[in-house]
Amino acid sequence: MARVTVTRMNEDLPLLGEPSAIELANTWYGEGAHDFLADPEVARRWATCVLGEGLEIDVADLRALRGAVRRLIASQMSGSAFDPAATALVNAHAAHACAHLSLVIEGASASSRVGYRGGAAARLATSCIEVLTGPDPIRRCEGPGCTMFFVQDHGRRRFCHDGCSHRARQRRYSRSRR
Ligand SMILES: [Zn+2]
C-alpha cells in the first residue's frame with residue numbers, strides 16, 4: 001500500500017498514508033468539527049498531497065463524494081444495508097477512472113508505469129470501491145477523542161497513528177496514578 005509522506009508544509013492536513021478514500025473520509029474530522037475541504041485552497045492542496053499533481057480537482061465533487069464514502073464506510077462497519085444513492089455516486093465517479101501504461105525510457109532501459117486519467121473524484125471513488133471490497137476491515141481509531149478511520153492491515157492495530165497510541169497510554173498511566 002502506498003504511504004503518503006507528510007511533508008512539513010502539510011502538517012496541518014490529517015494525512016495518515018491510508019488509501020485515498022480513507023483519507024477523504026478523514027477530512028471530515030471530529031464529525032465536522034474540522035472540515036478540511038471547507039476552504040477550496042486547502043482542499044486542492046489536500047487532493048494534490050494525496051493523489052499527486054496534475055489531476056483535475058472539483059472541490060464540490062470531492063465534498064459530495066466524501067459524504068457518500070462516509071455513509072458506505074458506516075454501513076460496512078455497522079453491518080447495515082448500503083445506501084443505494086451513495087453507491088450510485090461512487091460508481092458514477094469511478095466510471096471516469098481509466099488506468100493506462102506508459103513506457104518509461106532511461107537510456108537503453110525501458111520500464112512501464114501505470115498512469116491514470118480521470119479527475120481526483122474518479123481516483124477517490126476507485127479507492128473507495130477497493131477499500132470496501134478489500135480483505136482488511138475499516139476501523140475507527142481508539143485514541144482519546146480521535147475520530148480517524150484506518151484500514152486494519154494487521155490484526156492488532158487499534159490506532160490511526162503512533163501519536164494516538166501514545167496519548168492512550170499516557171491517559172491509562174495518569175488514571176492509574178490518581
Ligand atoms: Zn487516532
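Let me begin with a definition: a residue is called buried if 20 or more other C-beta atoms lie within 10 Å of its own, exposed if 12 or fewer do, and partly exposed in between, with C-beta atoms placed from the backbone. The model before you is predicted, so local features need pLDDT of at least 70 and side-chain atom pairs count only at pLDDT 80 or more, while totals for chains, interfaces and linings use all residues. Residues are numbered from 1 along each chain as its sequence is written.

I turn to the chain as a whole. The chain has 178 residues, and 27% of them are buried. Its C-alpha trace spans about 65 × 45 × 35 Å along the principal axes. The secondary structure comprises 6 helices and 6 strands; here helices (H or I, at least four residues) and strands (E, at least two) are DSSP runs, numbered from the N terminus. In order from the N terminus, the elements read α-β-β-α-α-α-β-β-α-β-β-α.

Next, helix α3. This helix covers residues 59-78, 20 residues in total, and reaches 29 Å from its first C-alpha to its last, close to the expected 28 Å. That expected span is 1.5 Å times one less than the number of residues. Which residues of α3 are buried? They are Leu62, Leu65, Arg66, Ala68, Val69, Leu72 and Ile73. After α3 comes Gly79, with a positive phi near 75 degrees.

Strand β3, residues 98-106, pairs with β4 in the antiparallel sense over 9 bridges; two strands pair if DSSP finds at least two bridges between them. Within this pairing, Val104 stands opposite Ser111 in β4. The hairpin has 2 residues between its strands, and Gly107 takes a positive phi near 60 degrees. Strand β4, residues 109-117, is hardly covered: of its 9 residues, the number buried is 0.

Finally, Thr147. This residue lies in the loop between β5 (138-140) and β6 (149-151). Thr147 is partly exposed because 18 other C-beta atoms lie within 10 Å. Leaving aside residues up to four places away in sequence, Thr147 touches Tyr29, Gly30, Glu31 and Arg140, where contact requires C-beta atoms, placed from the backbone, to lie within 7 Å. Thr147 and Gly30 are 117 residues apart in sequence, yet 5.5 Å apart in space, C-alpha to C-alpha. Across the chain, 52% of the contacts with a separation of 6 or more are between residues 24 or more positions apart.

Notes
Two residues are in contact if their C-beta atoms, placed from the backbone, lie within 7 Å.
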